[in-house]
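I opened this model to look around and jot down what I found. These are my notes, entry by entry.

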Amino acid sequence: MASFCDKYGPLVYLRLGNVDAITTNDPEIIREILVQQDDVFASRPRTLAAVHLAYGCGDVALAPLGPKWKRMRRICMEHLLTTKRLESFAKHRTDEAQSLVKDVWAQAEKGQTVNLREILGGFSMNNVTRMLLGKQYFGLESAGPQEAMEFMHVTHELFWLLGVIYLGDYLPLWRWIDPYGCEKKMRQVEKRIDYFHMKIIEEHRKKKGKNDNIDEGEMDFVDVLLSLPGEDEGDGNGKQHMDDAEIKALIQDMIAAASDTSAVTNEWAMAEVIRHPRVLKKIQEELDVVVGSDRMVTESDLIHLKYLRCVVRETFRMHPAGPFLIPHESMRATKINGYYIPAKTRVFINTHGLGRNAKIWDNIDEFRPERHLPPNGDDNSRVEISHGPDFKILPFSAGKRKCPGAPLGVKLVLMALARLFHCYNWSPPDGIRPQDIDTTEFNIFLVTLGKSNMKLRIEA
């Protein structure tokens, strides 16, 4: 789709079966869609994947705009992702960062190469599940390898299916044929995910039954959700508790958004940095100045690691976690750039094309973090990892649909990279030159994947 914009202009109309659609990789048009006309474009299309895999579009990420979505997002912002709540898990995040360093050292001591996808996936997943579910899935105190593998497998299948462009959403006749069994697979994964989430809720209910007075500081996200009242039916007699389906939808959102995406971003960042030794040297020089050699990196250091933040920005530019944002849908007819846009038009914002738009970036295939440094060498300027005022990158969307967990996601990405680069020197396995590291990728609509697991040699 990026090639369409290069050939036909910044805003391209598509007819996908019986659905009107537009796509763009232009920052000014993206700003108009997500900010200036946010009230028009803040809804989501009701796709089959969202119906089957997001509890009838009952979550935050995929639900159409409306009272139910506003209520679910308010629960996230007021009860789950508050500054106080996230700070209560700071010790868990520190523990996981320390475990990450130890896991790498354990492999290095044995002379093994380090599988980045494995260790970074475990780091991201543990951080999320300790906050969300109150348990680890990887490491010495984990819930056990069988449950961990089941959890990871279900999550990856969910993410893959949500990323597939299913023709049945655009050609209803296709649903009758379904030659590849895609919708059948959705139903199967739907049942497995529901079983897994129900098991989590029942475990928490049993724990609450044994100890009804759980200290607020010890409550994980599921504990919080089970304590909240349900939806007001409009007659003043609201439900005593949230519906199980609502809780399961929020569990799913948190897991999918925070685990796979941060691990993928970290893997790409590590690959690009090790492919460019001069970048690794500059990161480590900055860490020596800001942190020193007599202590570990802490979360309070992250804001001062400007060059590392530029590395993350450049990774988001070249390798966004998904080549497109989750599709938006217009709630009524409007005009963009002078063109008429009908109601119910699907909007595909091409973040992969945005990062490689030659009109706003030079040397688009070159990994160069310096391009994101503050102008005129301003040491007091903060390097913004989100979209910023220029909308040249868009890792967490913007407007009403901006990812509510963006600050946490940035923190997890920066902490993993800072600890790994601060504690170890990194290089490819013997016989492979840095420039030979494969950074090609393939896309499944909402998910960007590397060609293979990244394995590296390290020196303490």
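**Phe421.** I looked up how covered Phe421 is, and at 1% relative accessibility this residue counts as buried (buried means under 20% relative accessible area, exposed over 50%, partly exposed in between, with a 1.4 Å probe and protein chains only). Phe421 lies in helix 17; helices here are DSSP runs of H or I with at least four residues, strands are runs of E with at least two, and both are numbered from the N terminus. I also checked Phe421 against Leu287: they are 134 residues apart along the chain, and their C-alpha atoms are separated by 8.3 Å.

**Ground rules.** I am reading a predicted model, where local features need pLDDT of at least 70 and side-chain atom pairs count only at pLDDT 80 or more, while totals for chains, interfaces and linings use all residues. Residues are numbered from 1 along each chain as its sequence is written, and side-chain values use heavy atoms, with hydrogens and water left out.

**Second largest pocket.** Rolling a probe the size of a water molecule over the atoms shows where empty space is left. How much space lies in the second largest pocket? I noted about 520 Å³. Of the 26 residues lining this pocket, Arg382, Ala406, Pro407, Leu408 and Val410 are the closest to its centre. Helix 5 (67–80), helix 6 (83–87) and helix 17 (406–423) are the elements that give two or more residues to the lining. Helix 17 has the largest share, with six residues. By type, I have 14 nonpolar, three polar and nine charged residues in the lining.

For my own reference, a pocket is an open set of points on a 1 Å grid over the protein atoms alone, where a 1.4 Å probe fits, with protein on both sides within 12 Å along at least five of seven lines; lining residues have an atom within 4 Å of a point. Grid points are joined across faces, edges and corners, and the volume is the space filled by probe spheres set on the points. Ala, Val, Leu, Ile, Met, Phe, Trp, Tyr, Cys and Pro count as nonpolar, Asp, Glu, Lys and Arg as charged, and the others, Gly among them, as polar.

**Aromatic pairs.** I used this rule: rings of Phe, Tyr and Trp (its six-membered ring) pair if their centres lie within 6.5 Å, and planes under 30 degrees apart count as stacked, over 60 as edge-to-face and the rest as tilted. The count comes to five aromatic pairs. Phe89 and Phe221 have ring centres 5.7 Å apart and planes at 80 degrees, so I wrote them down as edge-to-face. Phe89 sits in the loop between helix 6 and helix 7 (90–109) and Phe221 in helix 12 (residues 221–227), so this pair ties together parts 132 residues apart in sequence. Phe89 is buried at 4% relative accessibility, and Phe221 is buried at 2%.

Phe324 and Phe348 went down next: their ring centres are 6.3 Å apart and their planes at 80 degrees, so this pair is edge-to-face. Phe324 is in the loop between helix 15 (306–318) and strand 4 (328–329), and Phe348 is in strand 7 (residues 346–349), 24 residues apart. I found Phe324 buried at 14% relative accessibility and Phe348 buried at 2%.

**Trp361.** Which charged end sits over the ring of Trp361, 5.5 Å from its centre? I found that of Arg317 there. Lys392 also lies over the face of Trp361, at 5.5 Å from the ring centre. The test is NZ of Lys or CZ of Arg within 6 Å of the ring centre and within 35 degrees of the ring normal.

**Strand 2.** I checked strand 2 (residues 19–24), and six of its six residues are buried. Val19, Ala21 and Thr23 point one way, and Asp20, Ile22 and Thr24 the other. Strands pair if DSSP finds at least two bridges between them. Strand 1 (residues 11–16) runs antiparallel to strand 2, with six bridges joining them. Tyr13 has Ile22 as its bridge partner in strand 2. Strand 2 and strand 7 run parallel and are joined by four bridges; there, Ile22 stands opposite Val347.

Most residues other than glycine have a negative phi, and most peptide bonds are trans. Asn363 has a positive phi of about 45 degrees, and its relative accessible area of 47% makes this residue partly exposed. Phe391 has a positive phi near 55 degrees and is buried at 3% relative accessibility.
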